[in-house]
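Please look over the sequence and the model below before reading on, and keep both in view as the explanation moves from one part to another.

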Amino acid sequence: MAGVALPRVLSGIQPTAGSFHLGNYLGALRQWVALQETAQAFYCIVDQHAITLDWDPAELRHDTLASAAQLLALGVDPARSTLFVQSHVPEHVQLSWVLECIARFGEASRMTQFKDKSQREGAAGSSVGLFTYPVLMAADILVYRADQVPVGDDQRQHLELTRDLATRFNGRFGDTFPLPEALIPEGAARIMDLQSPDRKMSKSLPPAGCVFLLDDPKVTAKKIRSAVTDTGREVVADPVHKPGVTNLLTIHGALSGTPVAELEERFAGRGYGDLKKELAAVVADFVTPIRQRTQELLDDPAELQRILADGAARARQVAGRTVADVSDKVGFLPPAGARA
């Protein structure tokens, strides 16, 4: 209906690998593309979150550009959404500091992702940034006064913290932030590791179980052939007793658009080998144009950076108004020459 504003959506992804994987795409990025039709979409490559753990500067720069190229290749359209790099919009950090000053130490210490990640090196070896990054995540959302945030199960706690901080700020300084709602995207698929089908596909696990979008299809086919399967030969979806086969069927169905029940019928009386062979072909058909388009974009870094600069400028128009409002309400002296 004319005159009705679309909801504003914010989502981000870390550039912590040279390639996204199938779990990223089927669990989130496919929905980013679809949301461009129904929302004001702000999509952020969160490079500042990527330095909460040890990092290589050259790799970070490369992976940031590679992330942008892949998002564009997957269908994120800079004419219909605002695509930018987090560090190009300093208002994120400006708002984060204010939110850190109203957040409570106990709130941050209860974040399960901090507990999980800090266990790898122990709390004494973890950065302060790792401890406070959920507050920066809250700033990522609130600086755009987002109405909705696409979340998976592992991000719900962070969204609740965001809502708590927004409520606390509004209560003390007046109505400023909408309370963002969790958006559970339709069609999101939970993709598991090929070697450990009881765990989500992740680049932090051994690479043999992770299907990267930019891998050579021959490498991917080998990973699929080696995927852990289950006892018996029946190709049926059963998450409890056949998690490996269920995962392969889920990936096939999500990429091919074929219902899992139909795939079960197709492979009735056939073995796991036939399923793996066909799945490898389905994945190759999907990733080949993505790989080609990503490389084309990376071959023209000036144009890629122009797209990101344009996105950052548009993002700052929104974020700047929020930070100016917040700064006035908390009592910061405006810069000389700033409009009242």
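A residue is called exposed when its relative accessible area is over 50% and buried when that area is under 20%. With these words in hand, and remembering that the model is predicted, we can begin with helix H7 (residues 156-173). The face of H7 that is turned away from its buried side carries the exposed residues Gly 171 and Arg 172. The buried residues of H7 are His 158, Leu 159, Leu 161, Thr 162, Leu 165, Ala 166, Phe 169 and Asn 170. They cover an arc of only 165° around the axis, and therefore they lie on the same side of H7.

From end to end, H7 has 18 residues and reaches 26 Å from its first C-alpha to its last, which is close to the 26 Å expected at 1.5 Å a residue. After the helix comes Gly 174, which has a positive phi, near 100°.

The next part to follow is strand E3 (residues 81-85), in which five of the five residues are buried, so that the strand is largely enclosed by the rest of the structure. Ser 81, Leu 83 and Val 85 point one way from E3, while Thr 82 and Phe 84 point the other way, and all are buried. Strand E2 (residues 40-45) runs parallel to E3 and is joined to E3 by five bridges, and Leu 83 in E3 is the bridge partner of Tyr 43. Together with helix H2 (residues 57-74), the strands E2 and E3 make a right-handed β-α-β unit.

Phe 105 is exposed, with a relative accessible area of 64%, whereas Phe 131 counts as buried at 15%. The rings of Phe 169 and Phe 173 have their centres 4.7 Å apart and their planes at 40°, so this pair is tilted. Both residues lie in H7, four residues apart, which is about one turn of the helix. Finally, ring pairs link Phe 42, Phe 84 and Tyr 144 into a cluster.

Technical notes: Residues are numbered from 1 along each chain as its sequence is written. This is a predicted model: local features need pLDDT of at least 70, side-chain atom pairs count only at pLDDT 80 or more; totals for chains, interfaces and linings use all residues. Side-chain values use heavy atoms; hydrogens and water are left out. Buried means under 20% relative accessible area, exposed over 50%, partly exposed in between (1.4 Å probe, protein chains only). Helices (H or I, at least four residues) and strands (E, at least two) are DSSP runs, numbered from the N terminus. Two strands pair if DSSP finds at least two bridges between them. A crossover is right-handed if, with the strands pointing away from the viewer, the path from the first strand over the helix to the second runs clockwise. Rings of Phe, Tyr and Trp (its six-membered ring) pair if their centres lie within 6.5 Å; planes under 30 degrees apart count as stacked, over 60 as edge-to-face and the rest as tilted. The expected span of a helix is 1.5 Å times one less than its number of residues. The arc is that of the directions from the helix axis to the C-beta atoms.
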